[in-house]
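Below are some notes for a colleague going through this model. They are set out as numbered points, to be read with the structure in view.

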Amino acid sequence: MAVELDVFVGNTTLIDKDVYQLWLDGYSVSDAVSIRIQSGILEQSGATPDVLESDTMDHYRAFQMLERLLHSPPKLINQLLFQIPPPMQSMLIEKYYTFDEPFVREVLGKKLSKGTKKDLDDVSAKTGITLKSCRRQFDNFKRVFKVVEEMKGPLVGNIQQNFLLSDRLAGDYAAVVFFANNRFETGKKKLQYLTFEDFASCAEQLIQNWTLGAVDSMVDDMDVDLDREFLQDLKDLKVLITDKDLLDQHKSLVCTALRGKVSTFSEMEANFKTPVSMGAIHGNHQKLHYEDVPRVTVPEAS
């Protein structure tokens, strides 16, 4: 009995976004197949489990070949081996570098070294994120950090130029790089209620107001390093905690400036604390305690 079979051949690399996300999340082929079956894809497509498994394996092989290009996104854009439309290229890059907030919250401020990477088993168990995904996200942080840490110019711009990320994701990576470079301790128990978004917002203000480029217009926009003379000058603020009158005056001035301007004013006033020391110098880095850094009051635009 003759069987007719229609075959379509093309040179465009087909990308299934759902399967790509499963691969990024670190699921094995068998686990991915099970998840796809549970989603009802067999009923929707009329395929058999064997065909679905073969399809999943084909996608996984393609993703694994693409991964080396994703490590340097401009190479993905300029290569000719995989015919991928520009919008799909952008999606592949953006999703590959997207990270989970519970993960970044665990590693934020830590040295991006082999020692930290060895602890990813514990991070995976604590967050419920697969170990494979944790390693991908950590390696992405480390890769971006190594590429831009010594570059002059705006940090977000350097990240966008070298990794082709969206404005928001590039800004998030800028925060990761900034905190890793300056070794802020963000893992203390009293800081656990703060989200990564909170820290990213603070990093943006610190970059704009406290870095070399911010305090000295003669340097070429060093967005990663804090100005050492500026940090030394901040130690003069320690007088605020040795004189009760000055402490009360400081609280009064800050509260007066912020009253009616922030939605959490009552909580801020009730928990007002004057920061103390700037921490100790470790090697070439200034190791800072996040809660010890004096607050910067940025005037609102008129």
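1. In this predicted model, Tyr-20 is in contact with Phe-63, Leu-70, Met-91, Leu-92, Lys-95 and Tyr-96, once its neighbours within four places in sequence are left aside. Tyr-20 also belongs to the largest nonpolar core, a set of 63 residues, where it is among the members that touch the most others, together with Tyr-97, Phe-103, Phe-141, Ile-159, Leu-165 and Tyr-173. Helix H12, residues 167-182, supplies the largest share of this core, with ten residues.

2. Helix H10 covers residues 131-148 and, with 18 residues, reaches 26 Å from its first C-alpha to its last, close to the 26 Å expected at 1.5 Å a residue. Its buried residues include Phe-138, Phe-141, Val-144, Phe-145 and Val-148, but also Arg-136, Gln-137, Asn-140 and Arg-143.

3. Gln-137, which is found in helix H10, deserves a separate look. Its relative accessible area is 1%, and because buried means under 20%, Gln-137 counts as buried. A polar atom of its side chain lies 2.8 Å from the backbone nitrogen of Asp-100. Not counting residues up to four places away in sequence, Gln-137 touches Asp-100 as well as Thr-98, Phe-99, Phe-103 and Ile-129.

4. As for the protein overall, it has 17 helices and two strands, and 37% of its 302 residues count as buried. Among contacts with a separation of 6 or more, 62% are between residues 24 or more positions apart. The accessible surface comes to about 18,000 Å², and carbon and sulfur atoms account for 52% of it.

Definitions and conventions
Residues are numbered from 1 along each chain as its sequence is written. This is a predicted model: local features need pLDDT of at least 70, side-chain atom pairs count only at pLDDT 80 or more; totals for chains, interfaces and linings use all residues. Side-chain values use heavy atoms; hydrogens and water are left out. Helices (H or I, at least four residues) and strands (E, at least two) are DSSP runs, numbered from the N terminus. Buried means under 20% relative accessible area, exposed over 50%, partly exposed in between (1.4 Å probe, protein chains only). Contact means heavy atoms within 4.5 Å. Accessible areas come from the Shrake-Rupley method with a 1.4 Å probe; for residues, only the protein chains shown count as cover. The expected span of a helix is 1.5 Å times one less than its number of residues. A nonpolar core is a set of buried Ala, Val, Leu, Ile, Met, Phe, Trp, Tyr and Cys residues joined through side-chain atoms within 4.5 Å. A polar contact is a pair of N or O atoms within 3.5 Å; within protein, one must be able to donate a hydrogen and the other to accept it, and residues adjacent in sequence count only if both atoms are side-chain atoms.
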